[in-house]
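Here is a short report on a protein structure. Start with the picture, then read on.

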Amino acid sequence: MSKAKFGVVVFPGSNCDHDAYYVLKNLLNQDVKFLWHKDSSVGDRNVIVLPGGFSYGDYLRCGAIARFSPLMKDILKFAEKGGIVIGICNGFQILCEAGLLPGALLRNQSLRFICKTVRLKIENKDSKFTNSFTKDLIDLPVAHGEGNYYCDEETLNELRDKNRIVFRYSENPNGSLDDIAGICNEKGNVLGMMPHPERAAESIIGGTDGKFIFQSIINSLN
Amino acid sequence: MTEEPEINTELAKSLGLLEEEYEKIIEYLGRIPTYTELGMYSVMWSEHCSYKNSILEIKKLPRSGGRLLVNAGEENAGLVDIGDNLAVAFKIESHNHPSAVEPYQGAATGVGGILRDIFTMGARPVAALNSLRFGELNKGDERTKYLFRNVVKGIGDYGNSFGVPTIAGEIYFEECYRDNPLVNAMAVGIVKQTEVARSVAKGKGNPVFIVGSSTGRDGIHGATFASEEISEESESKRPSVQVGDPFTEKLLLEATLELIKSGVVIGMQDMGAAGITCSTCEMSAKGNSGMEINLDLVPVRESNMSAYEIMLSESQERMLVVIEKGKEEIAKKIFEKWDLNCVQIGHITDDGRVKVYYKGKLEADVPAESLVLGGGAPVYVRDFREPSYIKTLREFDENSLQEPGNYNEVLLQLLSSPDIANKKWVYEQYDTQVRTNTVILPGGDASVIRLKGTNKALSVKTDCNASYVYLNPYKGGMIAVCEAARNVACTGAVPIAITNCLNFGNPYDPEIYWQFREALRGIGDACRILETPVTGGNVSFYNESPERAVYPTPVIGMLGLIENLSHITTSYFNNEGDSIAVIGNLSDKLTLGGSRYLKVIHNLLAGDAPDIDPYIEKKLIDCLLRLISSGKINSAHDVSDGGLAIALTESCIMNRRKQLGCKVELNINTRPDHHLFSEAQSRIIISYNPADEESIKETVRTYGLDFLLLGKTGGNKIIINETIDLNIEIASEAYYNAISHIMNNKV
């Protein structure tokens, strides 16, 4: 039993950092702090949020530079010890680059950035990130140019067999392998997802399904 | 470094100056200018920076009063009071010529430039908009598709990476824009009134810093390039197009806002057109100060740059900042945190001169005042003459049109015409939701963002029906303002101020100048009556190719304020069984001049623009807002392109999650096409609970406006009399997929 203490990482070029912070602080009344990419430690934080955006301009490859930041070294250790990490959009790309999650996010099949609300199927409702959902289908916005998940066949089989595919697209917007929208690591403490739960946490901006993902994290710690 | 050329009239002319302007420079300086000085004058006196051919007309617009916190043109962008100690900074600017030769970078840097104008004032950008014009999209012209595809990608990539939602805009496709597309970018920011930064340089001895990116050779003479017509040689001006880096801009934003909050900033200005030249001269002139700068200290990214090149470079993502003396370290530390340059290049003086040193030599020594708009920059009165086409086109007789046989077909053709068709192919490439404030997404009348921490929201829209302006610039100018105001009102917002981007042809052509004068007269009159002052904007002349000038296109960027989040209203029908009515001015003749129906179905641009009375428009907006605040309105949608039939269809299908049909009875006493497709102004379609009808009618009557019951929502068809009977799925397919089919070569 412990209280959630969220740390939202700010890389240069992160632009959904404030959105995640706002949901946690203002809508869910959580203890939340920003963590600067040049910091060397996550400190007392027990949940790490890697937000969306274009860390380091997405130059070279999405997430390719962010993984070398000083803070990411500590996040690797944190995750290995079972700490909860959620990577959203660019955060998912960083987790793949950092090796915390398998596979890679390629350019969308259309070769165009896509921003719209999509329907997702929750494939695993027992995870630390989905335990508070009561329904199977949810609507979340996506906004990315490189969200086309890819991995080799062996990895895909493993993801399937071990129930590590957490979300699938009902209508695939980007060409993702096996309609994958979000996966977790083997231990189930690291989640990467392309859709943006922080953008769907209030009915005034179009939906509340995203809030349950953060609520699930809070529940899993209590 | 190449050797400097001989300074003479010929050289001045080659830099875009007139002979008389060259003589004026000699008069100001009391000597022949140096090469660097000549370059500085040539960019500062270009149309783009000096407004020399437009300022006399622009001054006739209502440019102060109301909620305006600064008068138009005073700062980098307009500033409007929205209460709660908050202000909105907003502005629109053109990047037409760069986009014509290098669409991706041209459009991207257009977005970057306007965002900098906003955050230089201390405001965090919260929304981006645009207004775009290209050649005809559905005529198989690959060049047009190339420009369209890459402009959209450029806008998207820059705004998405920067982290500002691109939430509204408008796009039209007309042959006249084929070689000279229009790319106007607008940005909106929020700032605490106590944290506004000004673009002034003052305080003798205060240090002057350059911050942000290094300076390279890109964009040299961009402002001059923007001040001439597009021609065969334009392709060679590709190096005049700047290259954007949204990542650096994002860092610059964060560092700049942090710097302003630290309280050490005396003044700052972004470097857009004319780079260091413009920022040093304008800031000095505004503060009645001078400045001494040393170009050896400017961080450069190319070797062997000359003073001329450094002064004229338009490298992006740079700012000039005057810091309070003694506080230099605070500034440096903030920029170090964000890994950006922050280098002192000079200091403020009190002699009113900008002195530029390089490699131990005084390269320029000019009175700041002599270069700037409102100071020594030239001001011209231009000749004007009504073009002959105006009368010819008005002789058009609408009754000569062949009446269509199948109105379902006509409606489908209109729905799938690129001007009217839904623009999701475009706006789905823009991040419309970052910052989690977007309440009404693109596609409706206007888009809405809420302001966290308040009960308020902003409604924004860009608008200009250039066909109307071409047919009748005075009425067209009024309609652009009225329609934009009506659009934001339909979302529940009070229209409070505008910014404008005036895209015209060559001002030295008296017929073009007549269009310009007349359109501005219309904008001014409408703005006075609607109480929406002009906060600033941009003039873009020379939008011509050898074949033709573009239609006069004065784009209006409208800002609306929603005082209560519960007032936010959608343009689409929400409930089955609601009544549908049209309110406003229903006594005008249902003309077809300048309509999309004429263009799409009859391939004609003719007649006169629809009549407009801004006084009636004002009443309609006030009435609608009163109805909305009473809570009785379930949807409101303005009747514009495509007329009543298109507006009704849009209200049926705009909400893709819950589409609703309608059944409408019109009292059609003449040809149906006039009733269905006339774009007569000042009309709004509303839907409401039938039980509220009497009280709504009563309110409408007290404003002296007309009310006409049209029918009811429900079912899965759009039915209008016996004339139209169309399944909403078929309508949706035409409306939503037309542009992607064209872009994917499926038609």
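How many helices and strands does chain A have? Chain A has five helices and 11 strands. Keep in mind that this is a predicted model.

**Chain A on its own**

The C-alpha trace of chain A spans about 40 × 40 × 35 Å along its principal axes. Buried residues make up 61% of the 222 residues in chain A. Now take the contacts in chain A with a separation of 6 or more: residues 24 or more positions apart account for 73% of them.

The size of an interface is often given as the accessible area lost when the parts come together. Between chain A and chain B, the buried area is about 2600 Å². Carbon and sulfur atoms give 54% of that area. Arg112(A), Phe113(A) and Ile204(A) supply 21% of what chain A buries against chain B, more than any other three residues.

On the contact count, 29 residues of chain A touch 32 residues of chain B. The rule finds three salt bridges across this interface. In one salt bridge, the side chains of Arg199(A) and Asp431(B) meet at 2.9 Å, N to O. There are also 10 residue pairs in polar contact across the interface.

Strand 6 of chain A gives the most, with four residues. The residues on this side of chain A divide into 14 nonpolar, six polar and nine charged.

Technical notes
Residues are numbered from 1 along each chain as its sequence is written. Chains are lettered from A and ligands numbered from 1 in the order in which they are written. This is a predicted model: local features need pLDDT of at least 70, side-chain atom pairs count only at pLDDT 80 or more; totals for chains, interfaces and linings use all residues. Side-chain values use heavy atoms; hydrogens and water are left out. Contact means heavy atoms within 4.5 Å. Buried area is the accessible area (1.4 Å probe) that two parts lose on being put together, summed over both. A salt bridge is a side-chain nitrogen of Lys or Arg within 4 Å of a carboxyl oxygen of Asp or Glu. A polar contact is a pair of N or O atoms within 3.5 Å; within protein, one must be able to donate a hydrogen and the other to accept it, and residues adjacent in sequence count only if both atoms are side-chain atoms. Helices (H or I, at least four residues) and strands (E, at least two) are DSSP runs, numbered from the N terminus. Ala, Val, Leu, Ile, Met, Phe, Trp, Tyr, Cys and Pro count as nonpolar, Asp, Glu, Lys and Arg as charged, and the others, Gly among them, as polar. Buried means under 20% relative accessible area, exposed over 50%, partly exposed in between (1.4 Å probe, protein chains only).
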